[in-house]
Amino acid sequence: MPTSTFVPMPLRGTLTLLTATLALAALAQNKPVPDAPKRTIEVQIGGLEKDTVYLANYYGNKLYYADTAVADAKGVAVFKDPKGYKAGVYAVVVPGPKYFELILNEPVVKLATDQSDLVGRMQVKQSRENELFFGYIRFLNEKKLEGDALRAQLDAAKDPIAQASVRARMDELDKAVKQYQRDLVANNPGTLASSLVKMSMNVDLPEPRKPDGSLDSAASYYQYRAHFWDHFDLRDERLVRVRVFADKLDEYFSRLVPQVPDTINRLADELIARAGDSGEVFKYIVHSITYKYESSDIMGMDAVFVHMALTYYCPRDGRPGRVDWMEQDKLDKLCERARKMAPLVLGRKAPNIILTDSTEQQWISMHDLKAEYVVIIFWDPHCGHCKKELPDIHKAYLEKMRPNGIEVYAVAKAVDESLMKDWKKFIRENKLEWVNVALTKTVYEEAKKDPRKFIPRYTTIESLNYADTYDVFSTPKIFLVDGERKFVGKSLSADQIYDLVSKLRERKVKP
C-alpha cells in the first residue's frame with residue numbers, strides 16, 4: 001500500500017463561500033440546536049485596517065460561511081458569536097479572496113499576521129493548538145523543499161552510486177517526517193492538532209508474504225483496508241469539521257472499496273457501527289454514503305441507496321428509523337422511493353408482466369419467453385425521446401440481439417384512443433419485430449370497472465399496475481433480465497445491452 005511522507009494541507013488561495021446544498025442542509029435539524037461552547041477568535045492582520053473579515057468553517061471538505069467581523073484601525077478583527085462555535089478547523093477569509101486555516105478547540109485563540117503573506121508571517125499569540133498546527137505546517141514546508149531538491153538531484157544523477165546516495169537521504173528525510181508526526185501525536189494527547197496529524201498518517205503494517213517470499217498483494221490490500229480507520233476516533237464529533245476525515249471517507253468508498261453493492265453495504269454498516277448510534281459523525285457518514293450512491297451514475301449502485309434508506313432512514317419491523325435530521329414529509333418520500341426501488345435492484349427476480357399484444361386478444365408473459373436474456377422496455381407513444389431511441393435499439397435487435405438469443409419485451413402505454421392509435425402506427429412504420437405489448441385502452445377501462453375480469457385468469461395486478469411495479473416515472477426505461485429472469489442491467493443503450501450480455505456469458509464459461 002502507498003505511504004505518505006508529506007501531508008498537503010490547504011493553506012491559502014481563493015475561496016468560494018458556498019451556501020449549503022440541499023444535501024448538506026438536510027443534516028441541519030429543524031429543532032433548535034443547542035449553543036456551542038463560547039469561543040473567541042482574535043486575529044490581527046496587517047494591511048487590513050477597517051476592512052471586512054469573514055470566518056468560515058469546514059463541514060466535510062467544503063467551507064461554509066460562519067461569521068463576519070470588521071477589523072479596527074490596527075487591523076484587529078474579533079469573532080465572538082454568542083451562540084458559540086463548535087470545535088474544528090476554520091478559515092479566516094480576507095479580501096482577494098484568500099484565507100488561512102486555524103484550529104478552534106480552545107476558549108480563546110489569538111493570532112497575528114500580515115495580508116501580504118498570511119501563513120508565512122503568522123504569529124500565534126495565544127493557542128497551544130495553533131502553535132502545534134502552524135509549527136507542523138512550517139516543518140512540512142521545509143521538508144518539502146528539501147524533498148524537491150533531492151528529487152531534482154536524483155533526476156540529474158547518472159551514476160548508480162550517486163543515485164543510491166540520494167535515495168538514502170530521501171529515506172532519512174521520510175523517517176524524519178514520520179518521527180516528527182509520531183512525537184507530535186504522542187506528546188499532545190487530546191488536542192485536535194494531534195488528531196489531525198494522526199489521521200493523516202498511514203498505519204504501520206507488516207508486509208504479507210507468500211510462502212516463496214514474494215509480496216502477497218491480495219493480503220496486503222485486505223490488511224490495508226481492514227486497518228484504514230485505525231487512526232480515527234469515529235466517536236469524536238470534531239471529525240465532521242475537519243477536511244481530512246471527509247477526504248478519507250471519499251477515498252475509502254471511491255478508490256478502496258470495490259464498487260460491488262453487497263461489499264459496499266457491508267463495509268458501510270461496519271463503519272457506521274464504529275461511529276455509534278447517533279451524533280454528528282453518524283449523521284455525516286450515513287448521509288454521505290446515501291447521497292453518493294443515490295446520485296451515482298454507475299449501474300447497480302441504487303442497491304446501496306436502497307440499503308442505506310431502509311436500514312437507517314425508514315421505520316422497519318416495528319422499529320423507528322435512526323435519522324432525525326429530515327423533515328417528516330421528505331423522509332416519507334425518501335422511504336416511499338426506496339421501497340419502490342427495492343424489488344428492482346440488480347440480482348432480484350423481475351416481477352412478471354403479462355399484457356396483451358396490439359390485437360388485445362393474446363396475453364404474453366415476459367417470464368415465459370424462451371430467450372435466455374430479455375430486454376424490457378417501457379415506453380410511451382407520445383414520448384419524443386422514446387420515438388427517437390426505439391428505432392436504434394430495434395436496429396441493434398435485428399443485427400445483434402435476436403441472432404444471439406436476446407429478446408425484447410416492449411411495454412407501451414396505450415390507455416386511450418390516441419395512444420392506442422399512435423402505438424400501432426409506430427409499430428407498423430418502424431416494423432418492430434420484437435414482442436409488443438401494452439396496457440391497452442380496452443383492458444385499462446374494463447380493469448378500472450372490475451379487475452377480476454382479467455385477474456387471475458389472464459394477468460396479475462402487478463402487470464396492470466406495471467408503472468408502479470417497475471417505478472416507471474419517466475420513459476423510456478430499460479431493464480435487462482437473465483434466464484432466471486433476474487435483473488442484470490438497467491438504463492442501457494443498444495450497444496451496452498449486447499456488450500453486457502457478451503460479458504455475462506463469458507463469466508459463465510470461465511472455470
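Reader: Before we get to the sheet, when do two strands count as paired here?

Author: Two strands pair if DSSP finds at least two bridges between them. Keep in mind that this is a predicted model.

Reader: Good to know. So which strands form the open sheet, and in what order?

Author: There are four, in the order β4-β1-β7-β8, and the pairing is mixed. At the edges sit β4 (76-79) and β8 (123-126), each pairing on one side only. From one strand to the next, the twist averages 20 degrees.

Reader: Nice. In what sense do β1 and β4 pair?

Author: Antiparallel: β1, which covers residues 40-46, pairs with β4 over four bridges.

Reader: Let's switch to helices. How do α2 and α3 cross?

Author: Their axes come within 10 Å and cross at roughly 170 degrees; α2 spans residues 128-156 and α3 spans residues 160-187. Because angles over 145 degrees count as roughly antiparallel, α2 is roughly antiparallel to α3.

Reader: And which residues make the contact?

Author: From α2, they include Leu132, Tyr136, Phe139 and Leu150; from α3, they include Val166, Met170, Leu173 and Tyr180. The residues of this contact divide into 13 nonpolar, five polar and five charged.

Reader: I was clicking around Lys198. Where does Lys198 lie?

Author: Lys198 is in helix α4, residues 192-200. Setting aside neighbours within four places in sequence, Lys198 is in contact with Val185 and His231. As for Leu184, Lys198 is 14 residues from it in sequence and 8.8 Å from it in space, C-alpha to C-alpha.

Reader: Why does Lys198 count as partly exposed?

Author: Its relative accessibility is 32%. Partly exposed runs between the buried limit, under 20%, and the exposed limit, over 50%, so Lys198 falls in that class.

Reader: Last topic, the core. How many residues does the largest nonpolar core have?

Author: The largest has 90 residues, and those with the most contacts inside it are Phe100, Phe245, Phe253 and Tyr313. Helix α9 (residues 302-313) gives the most to this core, with nine residues. Apart from this core lies another, of 32 residues, including Ile377, Tyr397, Ala494 and Ile497.

Reader: What is Phe253 in contact with, leaving aside its neighbours within four places in sequence?

Author: Phe253 is in contact with Gln259, Ile264, Ala268, Leu271, Ile289, Lys292 and Tyr293.

Methods: Residues numbered from 1 in each chain as written. Predicted model: local features only at pLDDT ≥ 70, side-chain atom pairs only at ≥ 80, totals over all residues. Heavy atoms only, no water. Core = buried A, V, L, I, M, F, W, Y, C linked by side-chain atoms within 4.5 Å. Buried < 20%, exposed > 50% of the residue type's maximum accessible area, 1.4 Å probe, protein only. Helix = DSSP H or I, 4+ residues; strand = E, 2+ residues; numbered from the N terminus. Contact = heavy atoms within 4.5 Å. Axes fitted to C-alpha atoms, helices over the stretch in contact; angles between N-to-C directions. Parallel < 35°, antiparallel > 145°, perpendicular 65-115°, else oblique. Nonpolar A, V, L, I, M, F, W, Y, C, P; charged D, E, K, R; others polar.
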